[in-house]
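This report looks at one helix and the nonpolar core of a single chain. The sequence and structure are shown here.

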Amino acid sequence: MVKVLLLAQFQEAAGRESVEMEAGGQTVAHVKSTLKENYNVLDLDHAQVTVNDEYKDMDTELSDGDTVAFIPPQS
């Protein structure tokens with residue numbers, strides 16, 4: 001399982017601050033797609049992403065136990 005933290009407007013869109021999903025062996029892009037489809041979190045295209053507190057890109061592969069955070073853009 002992977003824990004996905006949702007911050008600010010992403011949390012509001014999903015109605016929760018985090019979700020857990022089967023994503024071991026998948027990429028951050030897969031998690032992003034799942035959030036859009038299953039949790040109505042639509043505005044993720046400009047979000048920054050961390051995996052285990054390190055900034056990563058969408059091609060980063062995930063392992064069981066990882067924590068992924070989607071951080072909204074700052075204005």
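The text below describes a predicted model, starting with the core and moving on to the helix.

The largest nonpolar core has 19 residues. Among these, Val-4, Val-31, Leu-35, Leu-62 and Phe-70 touch the most other members.

In general terms, nonpolar side chains in soluble globular proteins tend to be buried together.

Helix α2 has 12 residues, and at 1.5 Å a residue these should span 16 Å. The buried residues of α2 are Val-28, Val-31, Lys-32, Thr-34 and Leu-35. They lie on the same side of α2, because they cover an arc of only 165° around the axis. The strands they pack against are β1, β2, β3 and β5.

Lys-32 belongs to helix α2. Is this lysine, Lys-32, buried or exposed? Its relative accessibility is 15%, and the cut-off for buried is under 20%, so Lys-32 counts as buried. With neighbours within four places in sequence set aside, Lys-32 is in contact with Leu-44, Asp-45, Met-58 and Phe-70. Of these contacts, Phe-70 is also one of the core residues that touch the most other members.

Just after α2 comes Asn-40, which takes a positive phi of about 60°.

Conventions
Residues numbered from 1 in each chain as written. Predicted model: local features only at pLDDT ≥ 70, side-chain atom pairs only at ≥ 80, totals over all residues. Heavy atoms only, no water. Core = buried A, V, L, I, M, F, W, Y, C linked by side-chain atoms within 4.5 Å. Buried < 20%, exposed > 50% of the residue type's maximum accessible area, 1.4 Å probe, protein only. Helix = DSSP H or I, 4+ residues; strand = E, 2+ residues; numbered from the N terminus. Contact = heavy atoms within 4.5 Å. Expected span 1.5 Å × (residues − 1). Arc of directions from axis to C-beta.
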